[in-house]
Amino acid sequence: MSATPTTEPDAGRDRGRMALEAFSRSWLFVFLLLLLAFFWLSTPSGTFLTSANLSQIALSTSEVVLLAIGETFVIVTAGIDLSIGGILFFAAVCGGKVMLELSGTNAQVTAGVYPHATRAVLLGIVVALAAGTFWGAINGALITRMRLPPFIVTLGTYGMTFGFGDLLSGGTYLGAPVPTSFSHNFGQGKGLGIYYPIWLALVVLIVAHVFFRYARFGRYTSAIGSNDEASRRAGIAVDRHIVKVYTLAGFLAGMAGVLDLAIYTNTTSVSHLTDNLNAISAVVLGGTSLFGGVGTVLLSAVGAFIPTVLTNGLVIKNVQPFWQEVAVGATIIFAVYLDQLRRRRGGEGR
Amino acid sequence: MTATATTPAASTSVIPTLEVRGMSKSFGSVQALIDVDFEVRDGEVMALVGDNGAGKSTLIKCIAGIHPADSGEIFFDGEPVTIHGPKDAVSLGIEVVYQDLALCDNLDVVQNMYLGREAHDQFQRLKEPVMEAKTAEVMKGLAVTTIKSIRQTVATLSGGQRQSVAVARAVLWNSRVVILDEPTAALGVAQTRQVLDLVARLAEQGLAVVLISHNLHDIFEVATRITVLRLGRSIAVYEREKTTQQEVVEAITAGTTSKVPGMARIAPEELT
């Protein structure tokens, strides 16, 4: 063996990089814990850190968690999906409409009687999931077939999904709440002391994490975001995979739409206009790089909690909740700065 | 350091591992390859040289199945074969290491080695220990020892180390023919050394190696034979030990053969 001289990065710089790496992985947890501790200490006891309040926080975050999971996959391919809030709304309207149509006559439903609730709800769920999947596939197809930037495509479908949704719903709430049994048994129902929507989000999160980390699906997602040409040459069907990723994001948005109906029994476009930004914030806070190739599904879910915890705590503290937006905005800038720092350090070894 | 690693394996088989006969290829009115003959045998490093636009890359892409050739025959182990796409080339055991590397920076060495061909079980779970062990084995076999951990991301590697990963990936799949497109183009002196040693080692292990390079110094260090292309034609094959850099340079630029085509004249029947 010839002892070839090489340019190894020296140990000190290596340690610095590892420290940065460790910090960028764990700061979000620390930040969330500090937030919780801060609100716990600064609010009257028995208001913030109660199981009822924390459950409420988790319940209201469950939809964003689902959106953020899909968005993580999309952003890791170096794409972006601005339409998921619109898809959520469109799917919820479609599902809700079906539930109302099938559960009884107009008069029965407005009177709060749902003779065929179970059948109607099940079919409504299927329709909502299908609607979400459909729009996700449309996104993927437009991006890969027409070679359009994801930002533009999903900005377009963002408008279209809200537009179509409002056309279907008449621009306001659905005519009546969806069958209350759906909310009672699922959306506001608990198993083992935890709301069912939280269970659902948790299960999806774990499955998505496993697929992202330990299966080819996730490996290809990272590879494409890292170097799509290299992936193509390595024999990966890049376009097909991108379609799959956007379809997955759409499907999960459809699932979030189902949760929306289940938790709140109704839906309206106004409450979902910034869902896409919430999901993207969650992903970015979780350390997923907007440049693609690097990310974690689990931390996106942690990131999804920052805005809800802030809002909830500030309301209890009787501070104007608008500070939440200020704080989240600043935190996002910090998160992206960390990512940049890490990328710059990572490139030094060459 | 030691230049002894450049001694090519003596045992070259008589039947070429890969042989191209009379290959032509045109892009519109540009005749990129005209009746090209080319061969490489087990255990040798065949250098492919020529000026810019001589047709080196086109020839490689036709062999790798990226471009379909207009005409010509390909023989593998003496048997005629057809290559319609990259998959055909790969299944024959032909691997190309491209100039721009084609590695994913954010993935680690193992992940890059197995990119697109990951080992997995029936539940789609990736078999990381298997892939890790095999990667370590190949790296050891090629004496690539400068990479500290095969679990570090490719972004943290030096240019020579990255090139080593790309070459090792080509070897991982029991390939027979490894084609290296300008593997030392962007490297410093020490790293060039590292990669040339690696190229020599591939041939020592019995692989047929095709080395495309502009650098005659590198070529004369590791090549067994040298094929010269000029303006789309194969004009000469030299044995390294029986030629000089001067002779090869003349073949590349002006030419000592009678086959000098000057500007590529395109006969009407050659346009397809």
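A salt bridge is counted where a side-chain nitrogen of Lys or Arg lies within 4 Å of a carboxyl oxygen of Asp or Glu. Asp70(B) belongs to the loop between helix 1 and strand 4 of chain B, and Lys25(B) to strand 1 of chain B, so the pair ties together parts that are 45 residues apart in sequence. Over all chains, the structure holds 21 salt bridges. Helices (H or I, at least four residues) and strands (E, at least two) are DSSP runs, numbered from the N terminus.

The model is predicted, so local features need pLDDT of at least 70 and side-chain atom pairs count only at pLDDT 80 or more, while totals for chains, interfaces and linings use all residues. Residues are numbered from 1 along each chain as its sequence is written, chains are lettered from A and ligands numbered from 1 in the order in which they are written, and side-chain values use heavy atoms, with hydrogens and water left out.

Strands 2-1-4-5 of chain B, in that order, form an open sheet of four strands with antiparallel pairing. Two strands pair if DSSP finds at least two bridges between them. The edges are strand 2 (30-40) and strand 5 (79-81) of chain B, each of which pairs on one side only. Neighbouring strands of this sheet are turned by 30° against each other on average, direction ignored. Axes are lines fitted to C-alpha atoms, for helices over the stretch in contact, and angles run from 0 to 180 degrees between N-to-C directions. Strand 4 (residues 71-76) of chain B is joined to strand 5 of chain B by three bridges in the antiparallel sense; Ile74(B) has Val81(B) in strand 5 as its bridge partner. Helix 1 (residues 56-63) of chain B packs on the sheet and touches strand 1 (18-27) and strand 2 of chain B, its direction making about 115° with that of strand 1. Contact means heavy atoms within 4.5 Å.

A second open sheet of chain B has six strands in the order 6-7-8-3-9-10, and its pairing is mixed. Strand 6 (94-97) and strand 10 (233-239) of chain B are the edge strands, each pairing on one side only. The twist averages 20° from one strand to the next. Strand 6 pairs with strand 7 (residues 177-181) of chain B in the parallel sense over four bridges, and Val97(B) has Leu180(B) in strand 7 as its bridge partner. Helix 5 (residues 159-172) of chain B lies across strands 6 and 7, running at about 170° to strand 6. Helix 8 (residues 245-252) of chain B lies across strand 3 (45-49), strand 9 (225-230) and strand 10, at about 25° to strand 9.

Chain B is divided into domain 1 (1-93 + 176-264) and domain 2 (102-174), with bounds from an automatic or database domain assignment. The domain centres, taken over C-alpha atoms, are separated by 26 Å. The contact takes 14 residues from domain 1 and 16 residues from domain 2. The two domains bury about 1,100 Å² between them, 64% of it on carbon and sulfur atoms; buried area is the accessible area (1.4 Å probe) that two parts lose on being put together, summed over both. Gln194(B), Leu198(B) and Arg201(B) supply 37% of the area that domain 1 buries against domain 2, more than any other three residues. Zero salt bridges are found across this interface.
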